[in-house]
Amino acid sequence: MLKELIPFVDANYRVAPGRQNRAMTGLSAGGGATYNVAFKHPELFSSAGLFSAAGIGANFATRYSRLAADPKGTSAKYPVIWIGCGVADPLDDGAKALDGELTKLGIRHIYRDREGGHVWPVWRWALSEFVPLLFHKS
């Protein structure tokens, strides 16, 4: 993604350049990939959407210690961190744990859940909530 997809999109599509114009989101394993990539590369991404994300939990401070150590700076770098899951989804416990940790650290984010499991209606809802928050000029 970093070496091929982003350069390809930037070269072949009419997109605004720079991290402030790039978000990453994913559902299920893609949500886990978003967690692993977007926060590892704040120079590339300005927002992250985690929909029923696999592999997340209360490990943000351990995995991303530089981001955890500077909550105001992290909140400025990532104006939108959106975490969503269905309440019947087994991955909701990890989403709630991440929400709790980010809240404790003082990192601005949004956590939402709704009825449903690990299913497309939940992910369509999540996308409809997340996308309108992106790329607003200050």
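This is a predicted model: local features need pLDDT of at least 70, side-chain atom pairs count only at pLDDT 80 or more; totals for chains, interfaces and linings use all residues.
Next I looked up the total, and the structure holds 12 aromatic pairs. I picked out tyrosine 35 and tyrosine 64: their ring centres are 5.5 Å apart and the planes sit at 90°, so I logged the pair as edge-to-face. Where do these two sit? Tyrosine 35 is in helix α2 and tyrosine 64 is in the loop between α3 and α4 (65–69), so the pair ties together parts that are 29 residues apart in sequence. I checked burial too, and both tyrosine 35 and tyrosine 64 are buried.

Then I went to a second pair, phenylalanine 51 with phenylalanine 130. This pair is edge-to-face, at 5.8 Å centre to centre with 80° between the planes. Phenylalanine 51 belongs to strand β2 and phenylalanine 130 to helix α7 (residues 120–130), so here the parts tied together are 79 residues apart in sequence. Buried or exposed, I wondered about phenylalanine 51? The relative accessible area of phenylalanine 51 is 4%, so I put it down as buried, the cut-off being under 20%. Phenylalanine 130 also counts as buried, at 1% relative accessibility.

Last, back to helix α2 (residues 29–38). Which of its residues are buried? I got Gly31, Gly32, Thr34, Tyr35 and Ala38. Looking down the axis of α2, I see these buried residues fall within an arc of 155°, so they line one face of the helix. I also looked up what covers them, and the list includes β1 (23–27), β2 (47–51), α3 (60–63) and α6 (92–105).

Definitions and conventions. Residues are numbered from 1 along each chain as its sequence is written. Side-chain values use heavy atoms; hydrogens and water are left out. Buried means under 20% relative accessible area, exposed over 50%, partly exposed in between (1.4 Å probe, protein chains only). Helices (H or I, at least four residues) and strands (E, at least two) are DSSP runs, numbered from the N terminus. The arc is that of the directions from the helix axis to the C-beta atoms. Contact means heavy atoms within 4.5 Å. Rings of Phe, Tyr and Trp (its six-membered ring) pair if their centres lie within 6.5 Å; planes under 30 degrees apart count as stacked, over 60 as edge-to-face and the rest as tilted.
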